[in-house]
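Keep the coordinates open as you read.

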Amino acid sequence: MSEPPRPDRAWDGTLRDLGPQVLGVLVRRGADFATAEDAVQEALLEAVRRWDAPGGAPSDPKGWLVTVAWRKFVDARRSASSRTQREIRMTLEPPPGPTEQADDTLLLLSRCCHPALSPASAVALTLRAVGGLTTAQVARAFLVPEATMAQRISRAKKTVAGERFGEPGDVRAVLRVLYLVFNEGFTGGPTGRADGVDLAAEAIRLTRQLVDAVPDDAEAAGLLALLLLHHARRDARTTAAGELVPLDRQDRSRWDTAAIAEAVALLQRALARDRLGPYQAQAAIAALHDDAATAEETDWPQVLEWYDELDRLEPRNPVVALNRAVAVGHVDGPLAGLRLVEALPADVPRRDAAAAYLHERAGDLAAAARRYALAADVATSTAERTHLTTQAARVRQQSG
Amino acid sequence: MAKYLLLKHYRGIPEPVPGTDVPMDRWTPEEVTAHMEFMGTVIDDLKERGEFVDAQALSPRGEFVRYGGEGRPPVTDGPFAETKDLIAGWMAIDVESQDRAYEAAAYLSSAPGPGGRPLHEWIEVRPFLTDDAEVTG
């Protein structure tokens with residue numbers, strides 16, 4: 001019933017890469033972000049229409065797109081206001097070199113991740129304007145209708161248009177958004193990949209671009225290391241049927257050792273700068289897990305030291321406190337860990353799951369089964385829910 | 001084609017077939033896995049037939065919410081009482097006939113439970129009202 005797949009046109013991928021680059025050129029020339037983004041989208045559509053014709057593809061695709069997008073931008077401004085139009089000077093610049101390219105990426109990212117935007121809006125805008133995804137692709141990735149996503153992006157652009165920009169680059173805000181994009185792909189599980197948009201890979205690609213733009217930022221490098229270390233375990237994280245496999249039961253031979261090596265090198269260089277932040281600390285913890293040949297060989301005392309560090313960097317973060325409690329459970333015994341878990345507020349995500357895990361390690365299988373079942377009740381994803389139900393079943397079976 | 005909603009309930013269904021209402025955390029892990037794999041098979045089958053629209057699972061946690069009046073916060077009632085009907089999730093399908101909708105629901109209900117035996121779980125089947133009067137031709 002399905003149509004044969006259309007052979008990829010040679011320039012499909014090119015367009016995806018060029019869109020954000022062209023937008024960067026327009027914004028650097030002084031175009032306002034929202035109008036420029038519309039203009040680039042229109043230029044891309046025109047490219048799709050024209051380049052398909054025999055001999056229609058230009059020899060300098062980027063130059064072509066810059067020219068067309070700029071014309072569309074000027075037209076849009078002209079129709080919006082003839083007064084502002086006079087202020088726009090047509091400039092013909094040489095194509096930007098690699099440095100300018102990196103600067104442009106940072107410029108665009110800081111606009112798309114502006115703190116005035118809600119996280120969901122910043123994520124959507126980033127994926128389209130910097131990631132070069134179509135609205136339809138972003139919509140599919142978040143399982144919402146395309147019109148809904150178009151509206152979300154359009155509202156986000158209006159919000160950004162009303163903000164003043166000084167120096168490009170609240171890097172912190174950009175890191176937060178890229179982390180969210182990754183998490184969205186990470187928790188999505190294998191079904192998240194089915195529709196052709198791999199958000200986790202996309203987050204890594206964009207974080208690489210950011211690291212190129214701010215090579216001296218230790219936290220940007222820390223985030224890239226963190227994402228790579230988690231991504232390296234992806235194939236081992238789920239069974240063929242999509243069930244979650246917890247860290248201590250994963251087949252470690254399926255971890256991506258090249259990605260782990262790259263991340264560890266990145267992290268070591270970042271830590272050497274002596275500008276510790278939460279992403280580097282989390283990456284250090286992930287690296288310790290990835291470094292252990294078996295779960296039993298995990299260096300828990302060192303993991304705990306890093307959680308202490310993270311706790312200092314992000315005091316009163318209950319998620320950090322919960323993870324730290326599990327590490328305490330490995331270092332000082334499960335009962336010590338349990339005392340810390342039970343002292344946390346009841347609504348901390350995964351509190352029951354952590355308590356169940358520690359009860360099981362303490363040998364109290366009845367309590368473990370009860371807490372796993374409670375944890376399944378409050379799980380926020382189907383995969384997690386199934387996993388916790390299975391854990392409850394397994395522990396109950398063992399307790400007989 | 002007509003759209004139907006197949007609703008799964010946590011509770012609030014007619015009397016279950018005897019011996020099939022064991023809570024899932026009291027199954028064996030293998031039984032849980034087999035059940036979840038079957039759900040995936042049902043969805044794959046519907047997709048293959050060109051009948052699949054949507055499938056979602058719902059958390060058992062939730063509350064009733066209503067307007068509390070001008071300038072007041074929303075009024076909530078919850079968590080759900082143990083006696084309340086509780087929807088666990090749904091599949092939306094687009095099929096040729098009511099017979100086909102019932103057949104799909106029955107297939108969904110044949111999902112394996114304890115001992116690998118079919119659960120015979122009740123599935124609520126609800127036709128969608130269409131937006132417009134149907135034009136045939």
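Two residues are in contact if their C-beta atoms, placed from the backbone, lie within 7 Å. By that test, and leaving aside neighbours within four places in sequence, A:Ala69 touches A:Val22, A:Leu26, A:Ala39, A:Val40 and A:Ala43. The model is predicted: local features need pLDDT of at least 70, side-chain atom pairs count only at pLDDT 80 or more, and totals for chains, interfaces and linings use all residues. Residues are numbered from 1 along each chain as its sequence is written, with chains lettered from A and ligands numbered from 1 in the order in which they are written.

A nonpolar core is a set of buried Ala, Val, Leu, Ile, Met, Phe, Trp, Tyr and Cys residues joined through C-beta atoms within 7 Å. Buried means 20 or more other C-beta atoms within 10 Å of a residue's own; exposed means 12 or fewer; partly exposed lies in between. The largest core holds 116 residues, and A:Leu26, A:Ala69 and A:Ala225 touch the most other members. Helix H11 (residues 218–231) of chain A supplies the largest share of this core, ten residues. Helices here are DSSP runs of H or I, at least four residues, numbered from the N terminus. A second, separate core has twelve residues, including B:Tyr4 and B:Met91.

Now the domains, whose bounds come from an automatic or database assignment. Chain A splits into domain 1 (8–90), domain 2 (99–188) and domain 3 (311–400).

Finally, A:Glu309 sits in helix H15 (residues 300–313) of chain A. A:Glu309 counts as partly exposed because it has 16 C-beta neighbours inside 10 Å.

Notes. Helix = DSSP H or I, 4+ residues; strand = E, 2+ residues; numbered from the N terminus.
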